[in-house]
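Please view the model alongside the text.

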Amino acid sequence: MLLGRAQQQAALANLLDAARQGRSGATVLRGEAGVGKTALLDDLVAAASDIRVVRVAGVESERELPFAALHQLCGPLLDRLDRLPEPQQEALGTTFGLRAGAAPNPLFVGLAVLTLVSEVAADRPLLCVVDDAQWLDRASAQTLGFVARRLVTESVLMVFAVREQPGPAAPVLGDLPALPVEGLGERDARALLASVAPWPLDSDVRDAILAEARGNPLALLELPARVSPVDLAGGFALPEALPLPVRIEESFRRRIGDLTAPARLLLLLAAADPVGDPAILWQAAERLGVSRDAGDELEEAGLLHLGLRAAFRHPLVRSAAYRTAEPEERRRAHAALAEATDPVADPDRRAWHRAQATSGPDEAVATELEASADRARARGGLAAAAAFLERAADLTEDPGRRAERELAAARETYRAGSPEVATRLLARASAGPDDEVRDARIDLLRGQMAFASADSVRAPGLLVDAARRFERLDPGRARDIYLEAFAAANFVGRFAEDAGLPEVAAAVRAAPPAAREPRLPDLLLDGLATLFTDGFPAGAPPVRRALAQFDVDDLAVEESIHWPHTVCAAANSVFDDAAWHAITSAYLRLARGNGELTGLSYILHMRIGLHLHQGEVAQAAVLADEIDAVIAATGRPSHGFAPLVVAGWRGDEQEVLRLRQATADGATDRREGTVFTIVQVVLAVLYNGLGRYAEAYAAASQAASYELETGFANWALVELVEAAARAGDLDGASRGLARLAERTTACGTDWALGVEARSRALLVEGGAAEPLYREAIDRLSKCRGAFPLARAHLVYGEWLRRENRRVDARSQLRTAYEMFVSFGTDAFADRARRELAACGEIVRSEAPAAVDLTPQERQIARRARDGQSNPEIAAELFLSARTVEWHLRKVFGKLGITSRRDLRTALPG
């Protein structure tokens with residue numbers, strides 16, 4: 001009808017053609033109610049007669065039922081379920097109630113749907129249309145958003161239509177390509193208005209209607225219907241000053257008011273029923289004495305079509321019908337629908353209708369809702385479980401029981417990603433009668449919520465308070481909570497307010513000892529507490545003994561969520577890189593195997609640090625890319641320091657400076673002390689590599705200014721000693737060495753004693769330095785620290801050159817240079833090259849020719865080289881197997897090879 005509409009149709013047609021040619025795509029039609037989004041979808045479906053189409057729609061009243069929309073989409077495709085890998089079959093089967101089992105991880109559900117649509121499209125391109133996406137249930141919205149972001153070469157097109165208003169779909173669809181759908185131009189709007197109001201219009205009235213409608217087709221159709229031709233002609237019924245969707249809905253309300261009572265009741269039943277199943281609708285209508293003549297009346301009024309599904313002319317008809325009804329009428333409608341719903345086949349929807357039909361406390365219905373919450377939780381529908389529990393609490397008369405249900409609802413709401421609602425529910429639960437156990441659980445949830453929010457500085461204190469409450473109730477649980485408090489205190493670090501690491505440690509030392517057979521958490525907790533109350537000499541040995549007891553087979557899955565940062569930071573703190581490697585390897589397998597993205601994100605960050613310690617910058621970069629993949633797959637924010645640390649080790653000052661300020665500011669704003677420390681350590685490493693020691697000293701001093709952090713705080717002391725010694729501040733270097741030696745001597749590992757010997761050698765006069773340099777090289781050769789080892793060769797070579805032992809110096813410097821080149825640590829390689837040049841040896845660049853692989857191609861190629869299959873790679877990188885295959889073909893072309901076997905020799909590094 002107008003150029004804008006034609007352009008929108010052309011854009012969608014291009015996406016459809018791309019799907020026919022093997023490419024995938026996703027887009028979101030965004031616009032206000034009535035602007036024509038559904039009409040565009042109708043046109044798209046009509047143009048897709050040669051491909052398979054699955055069409056679903058979000059329903060406002062169904063937003064609390066888990067995976068309701070996803071079931072609509074996948075139901076017709078489940079004949080391909082047996083083609084999915086077994087873990088994905090299990091996840092999808094459990095989600096849809098086809099199998100019994102533990103609650104599936106949302107990531108596995110997303111991967112399963114991605115694989116399912118890919119398998120379906122292998123035979124014939126697939127178009128998935130999702131209308132009214134603003135009303136998708138949260139679980140469906142998250143899954144469909146995940147799938148839409150991962151589509152590449154599967155011949156799948158996903159098109160969402162969403163109203164411009166907040167809802168569960170808003171954050172998960174926000175980063176998808178959008179196609180704004182705007183109103184008609186003035187010329188076409190006048191033509192449409194004239195077609196529905198052929199009688200003469202007063203010019204002022206016409207202009208007012210056109211201005212009010214703003215080109216919205218539905219408004220132009222509905223607004224004139226509110227008043228008589230006389231009013232329209234004479235100008236006595238100008239539009240009211242209300243938002244446009246409200247005006248349109250009011251127009252529908254007027255039309256509903258003109259219906260007979262049976263027709264209004266049937267329309268209300270349809271509005272209250274999210275399924276749209278005519279059989280259920282007519283059963284409920286029969287219970288209320290509504291005949292089928294009412295259906296004919298609604299068809300003639302153009303408000304509801306009763307075909308294979310009950311379909312409203314527009315979603316605003318549904319909301320107008322529901323809101324127009326009196327509360328008692330709504331309860332009668334829900335009661336009739338509950339009676340018509342099969343209690344065995346669909347107990348959750350029946351319970352929901354019964355809840356809406358109840359005006360006062362009803363323990364029987366509340367108990368049904370609790371059972372529905374359990375089933376929703378088992379399917380991974382946390383938002384639905386929370387909604388069931390909140391409504392169950394509303395229907396509970398006993399104050400104590402109501403508070404228990406409010407607390408349960410708060411916990412599930414928080415886990416579902418709605419902290420504001422969870423806070424409100426938690427406040428309601430706190431107002432309940434005193435109960436020691438419940439109050440302790442409230443304190444615990446309050447602390448956990450604070451840790452995951454901008455209020456993280458309060459989390460350690462809140463968790464300590466919760467742990468103290470649990471000491472009397474469940475000492476074993478109290479110790480687990482103390483470990484969470486350690487994680488929170490370490491994370492906020494220098495920004496801690498009520499309680500930092502010393503306060504947490506003191507609380508642990510004052511708590512009752514473990515009554516159970518000590519496990520890793522107990523041993524680690526006692527060791528960390530000693531570390532921060534009595535110092536490294538007393539605390540390092542028990543921490544190392546705890547790490548030696550680590551066995552991933554003894555850990556529950558939830559422990560992989562709560563502890564990775566604490567356990568890995570502890571290994572780093574006591575200079576135990578063997579434990580660091582074993583722990584991160586085990587946690588990485590556990591997190592990937594269970595699809596636990598929170599744990600996976602932590603471990604990937606910690607694993608990057610290990611790779612850099614081992615001189616594996618390329619592998620660290622691959623994991624940084626994988627963190628980006630996690631962010632893209634889930635839409636979850638990241639701490640953002642992975643690219644920064646990789647750039648710092650590479651010596652890329654321009655990239656570090658580009659990323660530094662945003663990362664440091666973000667860490668300060670979010671009160672993330674550990675991240676702030678890491679940023680300063682990265683700067684110290686960068687400037688030590690570049691030979692700009694004063695700048696390195698300044699950064700290392702900031703990083704080391706707060707001693708009470710585990711993990712990378714030790715690295716700051718190592719950098720500080722070298723930078724201060726090279727900058728000529730021997731007093732500062734000596735003070736740094738004393739702090740470092742207290743830790744390294746207590747830990748006693750080859751890594752610890754190696755970096756201590758290297759640091760001490762920098763401050764020793766004359767020949768006494770050489771045994772220390774040799775000791776450093778000997779010890780660091782026995783641990784996993786290839787990067788500190790190369791630096792030992794470098795500083796030893798620099799010392800030898802200053803001692804005029806040029807032949808010996810060249811040997812050490814050449815070793816260091818070759819190691820740095822192989823690592824990809826360019827700044828340190830240049831520093832070694834300059835020293836070699838000062839010894840009279842000219843070094844030509846030995847850097848291998850760059851291979852132009854994208855980050856994702858590097859990830860896929862490395863995994864294929866190491867023997868992983870396409871489905872295995874797809875599961876790890878949140879892609880479909882067909883997309884992995886497509887990327888591998890591109891890799892083969894770029895590398896000039898023809899098979900996976902050739903990857904072993906073709907890939908650099």
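What covers the buried residues of α20? The model is predicted, and in it the cover includes α18 (347–356), α19 (363–378), α21 (399–415) and α22 (419–430).

## Helix α20

Helix α20 runs over residues 382–394, 13 residues in total. From its first C-alpha to its last it reaches 18 Å, close to the 18 Å expected at 1.5 Å a residue.

Most of α20 is covered, with 11 of its 13 residues buried. The buried positions are Leu382, Ala384, Ala385, Ala386, Ala387, Phe388, Leu389, Glu390, Arg391, Ala392 and Ala393.

## Largest cavity

The model holds five cavities of 30 Å³ or more. The largest cavity has a volume of about 240 Å³. It is lined by 25 residues, and the closest to its centre are His605, Met606, Phe641, Ile678 and Phe712.

Several helices contribute to this lining: α25 (475–492), α30 (564–573), α32 (597–613), α34 (642–650) and α36 (673–690) each supply at least two residues. The largest share, seven residues, is from α32. By class, the lining of the largest cavity has 16 nonpolar and nine polar residues, and no charged ones.

## Second largest cavity

The second largest cavity has a volume of about 150 Å³. Its lining consists of 13 residues, and nearest its centre lie Trp715, Val718, Glu719, Pro788 and Arg791.

At least two lining residues each come from α38 (713–727), α40 (750–761) and α42 (786–802). Helix α38 gives the largest share, four residues. The lining of the second largest cavity divides into eight nonpolar, two polar and three charged residues.

## Loop residues with positive phi

Asp132 is a residue other than glycine, yet its phi is positive, near 50°. It sits in the loop between β3 (126–131) and α6 (138–150). Is Asp132 buried or exposed? Its relative accessible area is 12%, and the cut-off for buried is under 20%, so Asp132 counts as buried.

Ser155, also not a glycine, has a positive phi of about 60°. Ser155 belongs to the loop between α6 and β4 (156–163). With a relative accessible area of 7%, Ser155 is buried.

Definitions and conventions
Residues are numbered from 1 along each chain as its sequence is written. This is a predicted model: local features need pLDDT of at least 70, side-chain atom pairs count only at pLDDT 80 or more; totals for chains, interfaces and linings use all residues. Side-chain values use heavy atoms; hydrogens and water are left out. The expected span of a helix is 1.5 Å times one less than its number of residues. Buried means under 20% relative accessible area, exposed over 50%, partly exposed in between (1.4 Å probe, protein chains only). Contact means heavy atoms within 4.5 Å. On a 1 Å grid over the protein atoms alone, a cavity is a set of points where a 1.4 Å probe fits but cannot get out, and a pocket is an open set with protein on both sides within 12 Å along at least five of seven lines; lining residues have an atom within 4 Å of a point. Grid points are joined across faces, edges and corners, and a volume is the space filled by probe spheres set on the points. Ala, Val, Leu, Ile, Met, Phe, Trp, Tyr, Cys and Pro count as nonpolar, Asp, Glu, Lys and Arg as charged, and the others, Gly among them, as polar.
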